[in-house]
Amino acid sequence: MEQGILLSAGADIDFMVHGVFSYELFGQTVWITTTHICVLIVMLVIIAFCIAANRAVKHGAEVPGAFQNIVELVVELLDNMVGGVMGRYAPGFRNYIGTIFIFILISNLSGLFGLRPPTADYGVTLALGVMSFSIIHFNKFRHQKVSGVIKGLCDPWPFWAPINIIGDIAVPISLSLRLFANVLSGVVMMALVYGLLSRIAIIWPAALHVYFDMFSGAIQTYVFCMLTMTYISDACNTD
C-alpha cells in the first residue's frame, strides 16, 4: 500500500507512479510499478468475466438468467456502436474495438475500488494510441495502396504534404494524451481530496468518484473508441 497502488490507503496519499519491486535483466534494473500491478488486476477481472460469459453463453437456457442477459446486452451494445460508425467495415474490427473499449472502461472504473487507474499512466495510453495508429495505417495501405496514400498526403496541393504528415503523426499523440490527461486529472483531484481532507473525507467523496471515475471515465472511453473507428473507416474508404 505504501507504493500507491491504492489511492485511499493511508495518510501519505499521492498520485505518482511508484516502483513496487525491481529485478536485474541483462545487467539492467527493471522495475515493476503500481501501473503494472493495476493493469494485471484489470486483466484478471476481464479474463474472469470472459470465462464466465463464455460458459453462460455455451450453457445458456431458453429463459436467460441475469448474467446471460448482461453478457448479451454488452455484446449487442458494442456491436451496434461499431456497426453504426463503421458500416460495412464493422465485422473486421468488432473484436479490437470491443476489447479496447472494455479494457479502457474497466481501467477507468478501477478508481472506484481505490486502485490507481492504469490509464492515468501515459505509458498505457500511448501504447493504446500506437496500436490504433498501426491499425489505421495498415488498413490505409491495404485499401488505398501506396499511390492512394501519397495522393492523400498531397491533398489539396503537393506542398501541403508536410502538414498532412504531421497531422498523421499527431493521431496517436492526440488519442493518448486526451485519455491520459482526463483520467490523470481525476486521479489528482481525488488524491488531493483524500490527502488534504482525510479527516472529513467520509461518504461525500463518493459523488466525486461517480463523476471522475464513472461519468468522465465512460465518456473518455467512448471518445477514444469513436475516434479510432472514425480514423479506421476513413483509412478503409477508397471512394
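A residue is called buried when its relative accessible area is under 20%. This is a predicted model, and in it Leu128, which lies in helix H4, has a relative accessible area of 7%, so Leu128 counts as buried. Leaving out residues up to four places away in sequence, Leu128 touches Tyr96, Ile100, Phe103, Ile104, Leu179 and Phe224. Val45, by contrast, is 83 residues from Leu128 in sequence, and the C-alpha atoms of the two are 19 Å apart in space.

Phe103, when its neighbours within four places in sequence are left aside, is in contact with Val39, Val42, Ile46, Val124 and Leu128. In soluble globular proteins, nonpolar side chains tend to be buried together.

The loop between H3 and helix H4 (122–153) holds Ser110, a residue that is buried, with a relative accessible area of 4%. A polar atom of the Ser110 side chain lies 2.5 Å from the backbone oxygen of Ser107. Apart from residues up to four places away in sequence, Ser110 touches Val42, Leu115, Pro117 and Pro118. Val20 is 90 residues away from Ser110 in sequence, with 19 Å between the two C-alpha atoms.

Asp213 is buried yet has no salt bridge, and the nearest side chain of opposite charge, that of Arg116, is 11 Å away. Not counting residues up to four places away in sequence, Asp213 touches Asn108, Leu109, Gly111, Leu112, Leu208 and Ala218.

Side chains of opposite charge can pair when their charged atoms come close. How many salt bridges does a search of the whole structure find? The search finds one, formed by Arg94 with Asp79, whose closest N and O atoms are 3.4 Å apart. Because Arg94 lies in helix H3 (residues 94–109) and Asp79 in helix H2 (residues 66–86), the pair ties together parts that are 15 residues apart in sequence. Arg94 is partly exposed, with a relative accessible area of 33%, and Asp79 is likewise partly exposed, with a relative accessible area of 29%.

The strands remain to be described. Strand E1 (residues 19–25) and strand E2 (residues 28–33) pair in the antiparallel sense, over six bridges, and Glu24 stands opposite Thr29 in E2. The hairpin of E1 and E2 has two residues between the strands, and in this hairpin Phe26 takes a positive phi near 55 degrees.

Technical notes. Residues numbered from 1 in each chain as written. Predicted model: local features only at pLDDT ≥ 70, side-chain atom pairs only at ≥ 80, totals over all residues. Heavy atoms only, no water. Salt bridge = Lys/Arg side-chain N within 4 Å of Asp/Glu carboxyl O. Helix = DSSP H or I, 4+ residues; strand = E, 2+ residues; numbered from the N terminus. Buried < 20%, exposed > 50% of the residue type's maximum accessible area, 1.4 Å probe, protein only. Pairing = 2+ DSSP bridges. Lys, Arg positive; Asp, Glu negative; His and termini not counted. Contact = heavy atoms within 4.5 Å. Polar contact = N/O pair within 3.5 Å; in protein donor to acceptor, adjacent residues only side chain to side chain.
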